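Have a look at the sequence and the structure shown here. The notes below walk you through a few things to find in them.

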Amino acid sequence: MNFGYLIVVSTSTEVDYTQLAYALALSIKNTQKPGYDKVALVIDDPHQISRFNSAWVFDHVIPWDKEIHWDGRSWMDQLSPFDETVCLDADMLFLRDYSHWVDYFVENSELYVANKAYTYRGEPVTSDEYRRTFTKNDLPDLYSMYTFFKKDSELAKEFFTLGRYILKNPKEFSNLFLSVSKPKVVGTDEAFALSAKLLDITDEIAYELEFPRLVHMKPMIQNWPWPADSVSDHVGFYLNKKGQLKIGNYQQSDIVHYVEKDKINTEMINILEEIAWKK
Amino acid sequence: MKKGALIFAHNNRDVDYALMSLISGGLAKKHLGIPVTLVTDETTLAWMKQSNIHQRSTEVFENIITVEKPVTENQRRLWDGVELNKVVPFANANRASAYDITPYDRTLLLDSDFLIFSNRLNEFWDSEEDVLIADSMNDIYGPSRVGYHDKYISDTGIHMFWATTVMFTKNEYSREFFNLVNFVRSNYQYYGDLFRFNTQQYRNDIAFSIAKHIMNGFETDRTTALPALLTTIDKDILHSVDSNGKLTFLVSPMFDSNMCAAAIKNTDVHVMNKQSLIRNADALLELI
């Protein structure tokens, strides 16, 4: 098996995505067992990683600057150096060993896109606050932040090719297929969902599973009794020296998509580095 | 393994918890086929004798254990339907002592306003779980009357389990659990700050929920719990109880004086309107 995680980032003046990817890669090294802990970073400016104390957490650094921001993820099938890949968003943290999920996907899937998310309290997200486009246009509820695929899969190739085409032609696809509720921006999630719908492969790539379990920290989907602008206005985010994360009163054991990019600061990085060094 | 139910009753000037316990205990004994022990205090026991329920109590309860009445500053607003209410003292702070007091190896700890009309809880005696608590409450009218703080202990806090029914095995894990409940009770303000709930009134539901959450590694596990409690709130009224065991309630959908009727039979029910439960005591005692 030649499996690994892929993170695609590009330079931004607002957010240090490379540092987020570094924190994620550290957390992967700290929690996944050998054979399931490889990380490839796709980045427009590879020199950025030289500032990190442990750049070795990136097993592959792939220079690539054809797209900016999240659109780059739609090229994951062409960028990955692995035979089997899970492509992740950079603003995520691994908190325990999830390699058994990978075993399942390698055994049973060519392509699988996460289609459920959970609150920090471990409850399924039911609100469509940020996903009206999906519900109103009857799109499958796909989350591209955890996408498994096999490099040699024709199904994956077809899916990503159409996804890229949608991202390149957002107005045309919005007018044709998302007319009930047009998104302000056709992002990777919308493009993947529409690609799955048009190819009629949702049942193959997003069928019901108990995993991957992804905690999504956007504020309006936390089942709180009032509207919220940010999660950290209301609950704390505590990473201890063992790399265990509590959000509010809840110990987190699933993959956390923390959304608020300033959560990864020097202190967090230091904790994750120290664990990696001692491992 | 000896199994049985345990009920606490500490009367105040307005609520005859002893009488409610007699009803609740009698129904548990009848429908679950288990012995029941009453935990009470000397003044409540004296009232039981004065009000002529003591003899019946000795028939229903396997043991009547007297303890010191817990000192309480706890007060609650007691509703009897939507119009009548008063503030009364509420002595509920010694529930964590159930572990030490119980004469049973596996105990069903019941609130005195929980009426058992089925054998459903018998499913849980052989569960491998050391401590089981009711998962939630189901309102007799439906989910529209279940408030956010019936489901969570605070706005951002943990899931609320309902300590109206608790089943536990007397072992090391349960001892730790009840010690923790007691610790939460003793440091209620601190835990209120930590878990961000309103500390104005001590609630066993909250202390038990926190203890369960902590013992479960600060995660919520709702897969191992006693069934949700069918509940009639204190703004509803237990109107009548017939000889076939049918309970008829006047239910207030919008918490106002517009009522509708609801009847249940052969179903366990949590009757939060204690006054109306007591008004129907004679009919309920006929059923045990």
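**Starting with a sheet in chain A**

Ile43(A) stands opposite Pro63(A) in E3(A). This is a predicted model: local features need pLDDT of at least 70, side-chain atom pairs count only at pLDDT 80 or more, and totals for chains, interfaces and linings use all residues. Residues are numbered from 1 along each chain as its sequence is written, while chains are lettered from A and ligands numbered from 1 in the order in which they are written.

**The sheet and its helix**

- Helices (H or I, at least four residues) and strands (E, at least two) are DSSP runs, numbered from the N terminus.
- Strand E2 (residues 39-43) of chain A pairs with E3(A) in the parallel sense, over four bridges; two strands count as paired if DSSP finds at least two bridges between them.
- Strands of a sheet pair through backbone hydrogen bonds, either parallel or antiparallel.
- Six strands of chain A make up an open sheet with mixed pairing, in the order E3-E2-E1-E4-E7-E6.
- Strand E3 (60-63) and strand E6 (111-114) of chain A are at the edges with a single partner strand each, so one side of each has no neighbour in the sheet.
- From one strand to the next, the twist averages 20°.
- Helix H1 (residues 17-31) of chain A packs on the sheet, touching strand E1 (3-9), E2 and strand E4 (84-88) of chain A. The direction of H1(A) makes about 165° with that of E1(A) (axes are lines fitted to C-alpha atoms, for helices over the stretch in contact, and angles run from 0 to 180 degrees between N-to-C directions).

- The peptide bond from Phe211(A) to Pro212(A) is cis, with omega near -5°. You'll find Pro212(A) in the loop between helix H8 (202-205) and strand E8 (214-216) of chain A.
- Val259(A) isn't a glycine, yet its phi is positive, near 65°. Val259(A) sits in the loop between strand E12 (255-257) and helix H9 (266-278) of chain A.
- Arg196(B) isn't a glycine either, and has a positive phi of about 60°. Look for Arg196(B) in the loop between helix H7 (188-195) and helix H8 (204-215) of chain B.

**Chain B as a whole**

- Chain B has 10 helices and 15 strands.
- The C-alpha atoms of chain B fill a box of roughly 45 × 45 × 35 Å along the principal axes.

Methods
Two residues are in contact if their C-beta atoms, placed from the backbone, lie within 7 Å.
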